[in-house]
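Good morning, colleagues. Please bring up the sequence and the coordinates on your screens, and I shall then take you through them.

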Amino acid sequence: MTDCAFCGIIARENPADIEYEDDAVLAFKDIYPKAPVHILIVPKRHVPSVMAMEREDAEVLGRCLLAARAIGEAKGFAERGYRLHVHCGPEGGQLVYHVHVHFLAGGRTGRG
Ligand code: 5GP
Ligand code: ZN
């Protein structure tokens with residue numbers, strides 16, 4: 001058991017609608033979507049935040065961006081595009097302290 005919600009999803013202890021998986025990354029639907037397509041892309045290794053990121057975490061975070069590319073292509077957004085958000089710390093709006101990239105696509109995705 002883990003008290004990190006996203007580690008729980010990675011361990012298949014918590015349910016989630018999984019959209020993409022590889023050896024380093026898992027991606028699943030956000031439970032409270034803020035766009036027609038709203039997917040969270042997380043490294044399988046627990047990294048709390050970009051604010052706690054170490055040099056050895058750079059590769060898994062880069063792999064999250066490659067997963068975003070793959071998801072965009074698989075879902076038909078390779079031409080239209082999408083938004084990627086990373087919230088960092090309390091004033092950055094981070095609620096879950098397992099680093100994640102928000103993939104937002106399909107119409108208005110909250111520019112600003
Ligand atoms: P942030 O930490 O970047 O502000 O956002 C956390 C995001 O995770 C929110 O958009 C929230 O809806 C989503 N979220 C929080 N807990 C869960 C969960 O247990 N499962 C899923 N699928 N999404 C979650
Ligand atoms: Zn975690």
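This is a predicted model: local features need pLDDT of at least 70, side-chain atom pairs count only at pLDDT 80 or more; totals for chains, interfaces and linings use all residues.

Aspartate 57 counts as buried, because its relative accessibility is 5%, and the cut-off for that class is under 20%. Aspartate 57 sits in the loop that runs between β3 and α2. Which residues is aspartate 57 in contact with, once its neighbours within four places in sequence are left aside? They are Arg45, Val47 and Ala52.

The loop between β3 and α2 also holds histidine 46. Histidine 46 is classed as partly exposed because its relative accessible area is 38%. Not counting residues up to four places away in sequence, histidine 46 touches Cys4, Cys7, Tyr97 and His98. For a sense of distance, histidine 46 and aspartate 3 are 43 residues apart in sequence, and their C-alpha atoms are 12 Å apart in space.

This brings me to the metal site. Which protein donors does the zinc ion (ligand 2) have? They are Cys4 through SG, Cys7 through SG, His46 through ND1 and His98 through ND1, and they lie 2.1 to 2.3 Å from the ion. Along the chain, the donors of the zinc ion follow the spacing C-x2-C-x38-H-x51-H.

Let me turn to the geometry of the site. The 4 donor atoms around the zinc ion (ligand 2) subtend angles of 103 to 117 degrees, and the arrangement is therefore tetrahedral. For reference, the ideal angle for four tetrahedral donors is 109.5 degrees.

Are cysteine 4 and histidine 98 buried or exposed? Cysteine 4 counts as buried because its relative accessibility is 11%. Histidine 98 is buried as well, because its relative accessible area is 0%.

I move on to the sheet. In what order do the 5 strands of the open sheet stand? The order is β1-β2-β3-β5-β4, with antiparallel pairing. β1 (18-21) and β4 are the edge strands, each pairing on one side only. From one strand to the next, the twist averages 20 degrees. α2 packs on this sheet and touches β1, β2, β3, β4 and β5, while its direction makes about 150 degrees with that of β3.

Consider the pairings in turn. β2 and β3 run antiparallel and are joined by 5 bridges; in β3, proline 43 is the bridge partner of valine 25. Another 5 bridges join β3 to β5, again in the antiparallel sense, and here isoleucine 39 has phenylalanine 103 in β5 as its bridge partner. β4 and β5 pair over 3 bridges, also antiparallel. Within β5, leucine 104 stands opposite arginine 83, and histidine 102 is the bridge partner of histidine 85.

How are the two faces of these strands covered? In a regular strand, side chains alternate between the two faces of the sheet. In β3, 7 of the 7 residues are buried. Val37, Ile39, Ile41 and Pro43 lie on one side of β3, with His38, Leu40 and Val42 on the other. β5 is likewise mostly covered, with 5 of its 5 residues buried. Val101, Phe103 and Ala105 point one way from β5, whereas His102 and Leu104 point the other way.

Which of the 18 residues in the largest nonpolar core touch the most other members? They are Val25, Val37, Ile39, Ile41, Cys64, Ile71 and Phe103. At least two residues of this core come from each of β2 (25-29), β3 (37-43), α2 (58-74) and β5 (101-105). α2 supplies the largest share, 6 residues.

Setting aside residues up to four places away in sequence, valine 37 touches Lys75, Phe77, Phe103, Leu104 and Ala105.

Technical notes: Residues are numbered from 1 along each chain as its sequence is written. Chains are lettered from A and ligands numbered from 1 in the order in which they are written. Side-chain values use heavy atoms; hydrogens and water are left out. A nonpolar core is a set of buried Ala, Val, Leu, Ile, Met, Phe, Trp, Tyr and Cys residues joined through side-chain atoms within 4.5 Å. Buried means under 20% relative accessible area, exposed over 50%, partly exposed in between (1.4 Å probe, protein chains only). Helices (H or I, at least four residues) and strands (E, at least two) are DSSP runs, numbered from the N terminus. Contact means heavy atoms within 4.5 Å. Donors are N, O and S atoms within 2.8 Å of the metal (3.2 Å for Na, K and Ca); water is not among the atoms, so sites may look incomplete. Four donors count as tetrahedral if all angles lie between 85 and 135 degrees; four count as square planar and six as octahedral if opposite donors are over 155 degrees apart and all others between 65 and 115; anything else is irregular. Two strands pair if DSSP finds at least two bridges between them. Axes are lines fitted to C-alpha atoms, for helices over the stretch in contact, and angles run from 0 to 180 degrees between N-to-C directions.
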